[in-house]
Amino acid sequence: MLGKILYLSQFVSDCLYLFVLFKSGMLVMSLPTELLGGAVLVFIVCLFSASHVFRYYTKFIIFILLSMVSATVFIPIMLLRPRDYRNALMPAWGARQVSRLLGLKWEMQGKDNIVKDSGCVVVINHQSGLDLLVLAEIWPVMQRCTVISKQEIFYLWPFGLAAWLWGTIFINRLNNEQAQSAINKTGETIRTKQARLCMFPEGTRHGGKDLLPFKKGAFHVAIASQTPVQPVVVSQYHFLDSENHIFNSGKSVIKILPPIPTEGLTKSDLESLIARTHSIMSEEFTKLSAEVLLQATK
């Protein structure tokens with residue numbers, strides 16, 4: 001709490017300082033509208049450059065608003081082929097433009113490891129809401145991707161409608177029977193349509209140096225459908241520090257690891273499958289993050 005108060009104080013101080021400079025340099029009320037608009041723009045640019053707190057919140061606002069636009073603007077086209085995974089390719093393209101605007105670069109590695117001639121469960125480490133931009137990079141590379149989301153998202157229209165149109169599987173987490181039924185149908189979809197179910201097994205976002213323990217859902221689906229687990233590791237977001245309100249430009253690496261087979265496995269093998277996947281991904285996450293940080297400091 002004290003840290004948040006200190007950052008808020010710094011942010012307010014930055015604003016007041018720049019406002020004083022702004023006021024002392026010109027008589028705001030006497031300026032024509034065009035000049036006043038330009039002066040306000042200059043003020044915002046200066047504040048964006050001077051205050052990392054202002055920059056942090058501004059970039060996240062831009063991310064949220066433009067992601068919403070890119071997800072929903074294509075709805076009229078998506079209505080022509082509802083529940084088709086290809087509908088997500090258009091919002092994914094828009095999200096990649098958002099990455100460029102925010103100064104974020106993504107490097108994809110390990111494309112040769114992508115599961116072929118079969119569906120799979122894709123497990124990805126979860127760091128931030130910015131992981132949406134990671135999905136935008138993965139979607140066109142892996143193809144036939146879908147995700148599971150809580151049912152409440154569907155009612156956040158127009159985004160919920162767009163998500164339904166590109167094939168998102170919504171589950172009611174408050175009703176275990178319905179949730180399990182939806183997951184069982186997902187396993188069938190993976191088998192029959194060779195779909196790739198993308199999931200974040202940690203279950204919650206975090207920006208730490210170690211992966212959180214994995215939840216069981218993704219691995220239940222993989223064993224039930226007898227399809228491989230496809231680990232995908234995203235290097236640590238060194239450009240992002242939510243605790244200190246820092247959101248800079250930067251680069252992250254997305255690495256697709258070799259698939260882990262589940263053929264012949266049963267529920268009794270669940271814990272060992274989770275442990276194996278977590279170990280492989282944790283080791284790669286540490287290695288990859290160190291490499292990216294080293295490149296950034298050169």
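Reader: How many salt bridges are there, and by what rule?

Author: A salt bridge is a side-chain nitrogen of Lys or Arg within 4 Å of a carboxyl oxygen of Asp or Glu. By this rule the count is five. The model is predicted: local features need pLDDT of at least 70, side-chain atom pairs count only at pLDDT 80 or more, and totals for chains, interfaces and linings use all residues. Residues are numbered from 1 along each chain as its sequence is written, and side-chain values use heavy atoms, with hydrogens and water left out.

Reader: Which residue forms a salt bridge with Glu 107?

Author: Lys 251, with the closest N and O atoms 2.7 Å apart. Helices (H or I, at least four residues) and strands (E, at least two) are DSSP runs, numbered from the N terminus. Glu 107 sits in strand β1 (residues 104–109) and Lys 251 in strand β9 (residues 250–256), so the pair ties together parts 144 residues apart in sequence.

Reader: Where in the chain are Arg 191 and Glu 188?

Author: Both are in helix α8 (residues 176–193), three residues apart, which separates them by about one helical turn.

Reader: What is a nonpolar core, and which residues touch the most other members of the largest one?

Author: In soluble globular proteins, nonpolar side chains tend to be buried together. A nonpolar core is a set of buried Ala, Val, Leu, Ile, Met, Phe, Trp, Tyr and Cys residues joined through side-chain atoms within 4.5 Å. The largest has 46 residues; Trp 106, Leu 130, Leu 133 and Phe 247 touch the most other members. Helix α6 (residues 131–142) gives the most to this core, seven residues.

Reader: What is Leu 130 in contact with?

Author: Contact means heavy atoms within 4.5 Å. Leaving aside neighbours within four places in sequence, the partners of Leu 130 include Phe 60, Phe 63, Leu 104 and Phe 247.

Reader: Where does pLDDT stay under 50?

Author: pLDDT is the predictor's confidence in each residue, from 0 to 100. Residues 17–29 stay under 50. The chain averages 88, and 89% of the residues score at least 70. Where pLDDT is low, the predicted coordinates should not be read in detail.

Key: Buried means under 20% relative accessible area, exposed over 50%, partly exposed in between (1.4 Å probe, protein chains only).
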